[in-house]
Amino acid sequence: MEKRIKYSKCLETEYGLYRKVYPYYKDWDKVVEHLWKANGKTDLVVRQMNLLKKDMDGRFLHIFLKDRALKDFLINTKINDYQEVISFIADNGDYVEGTKPDGTKIVMAEYFICIHIPEEESGYTFAIYVDETGCIRLELLHDGLVITMKKDKDQLLEFENSTDPADQEDYRSWKLIVNLIFYMKAFPECVIDGLPKGVRLDCSFKNKKIQLSTSPKIVSKTEVSSDGRIVTPHFRSGHFRYLRSDFFKNKQGQTIFIESCFVKGSNAKTVLNKEAS
């Protein structure tokens with residue numbers, strides 16, 4: 001009998017707060033106002049409820065990783081070009097009109113994704129935006145905390161090279177979501193519609209749910225070394241690349257994975273030809 005996998009939850013606390021308060025008010029704005037006052041008038045609960053509203057409106061994509069190690073692969077995969085990241089989201093996100101703090105209007109491309117991890121308690125709820133100025137903003141809800149970060153490509157590079165432990169932890173979140181989006185585009189055959197077997201959601205009925213399997217292209221095969229030792233499978237290091245340039249005539253707009261090394265340690269790189277199809 002196939003063992004059922006327990007997946008982490010997303011927005012579970014927020015749905016609990018909403019269901020507890022809504023019967024008394026029957027109005028979204030009044031619910032948020034009540035929770036804001038009840039939680040010390042902090043912006044944290046407002047940001048939580050804003051993410052919840054997006055989920056209730058069917059805006060989030062819920063992704064279930066079939067292999068927990070895939071999360072580690074995404075976090076440990078280097079982001080090779082930050083301008084590629086900004087361009088990719090600008091080209092592929094849903095466009096909306098937003099308002100800046102000074103009241104002026106701004107156009108943004110946005111993604112909303114919940115990541116459910118096997119055998120972990122807390123999932124990752126991401127809202128990611130790229131505005132018309134080229135800045136990228138990330139909101140992350142994880143373990144009951146909402147982290148908001150806004151960077152341009154130069155600030156992202158500084159962020160990557162920071163030695164501050166808090167920055168390093170936040171940067172892991174950047175890599176998780178960015179490389180996840182790249183991964184789905186690079187390996188569409190790994191995207192499976194629907195919930196995993198035995199998994200049921202008590203909420204998020206309107207949202208699309210998918211499973212994400214591990215591509216054999218990022219896993220080295222098991223081999224036996226000359227002294228008889230088993231070389232166990234592991235993820236290859238490498239990076240994703242978004243082909244935006246006109247140079248790649250037949251692959252323009254595609255995302256690929258660049259392999260950088262193999263299990264025996266020999267170096268190799270994927271070579272692209274502008275005429276390749």
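1. Which residue forms a salt bridge with Lys37? The partner is Glu33, with the closest N and O atoms 3.2 Å apart; a salt bridge here is a side-chain nitrogen of Lys or Arg within 4 Å of a carboxyl oxygen of Asp or Glu. Both residues lie in helix 2 (residues 28–38), four residues apart, about one turn of the helix. Helices (H or I, at least four residues) and strands (E, at least two) are DSSP runs, numbered from the N terminus. Lys37 is partly exposed at 47% relative accessible area, and Glu33 is partly exposed at 40%.

2. On the basis of the note: this is a predicted model, in which local features need pLDDT of at least 70, side-chain atom pairs count only at pLDDT 80 or more, and totals for chains, interfaces and linings use all residues. Residues are numbered from 1 along each chain as its sequence is written, and side-chain values use heavy atoms, with hydrogens and water left out.

3. The protein has seven helices and 12 strands. Of its 277 residues, 44% are buried (buried is under 20% relative accessible area, exposed over 50%, partly exposed in between; 1.4 Å probe, protein chains only).

4. The structure holds nine salt bridges. Among them, Glu120 pairs with Arg68 at 3.3 Å between the closest N and O atoms. This pair links distant parts of the chain, 52 residues apart: Glu120 is in the loop between strand 3 (105–116) and strand 4 (124–131), and Arg68 is in helix 4 (residues 68–76).

5. Glu120 also meets Lys71 in a salt bridge (3.1 Å, N to O); Lys71 is in helix 4, 49 residues from Glu120. Glu120 is buried at 15% relative accessible area, as is Lys71 at 9%, whereas Arg68 is partly exposed at 42%.
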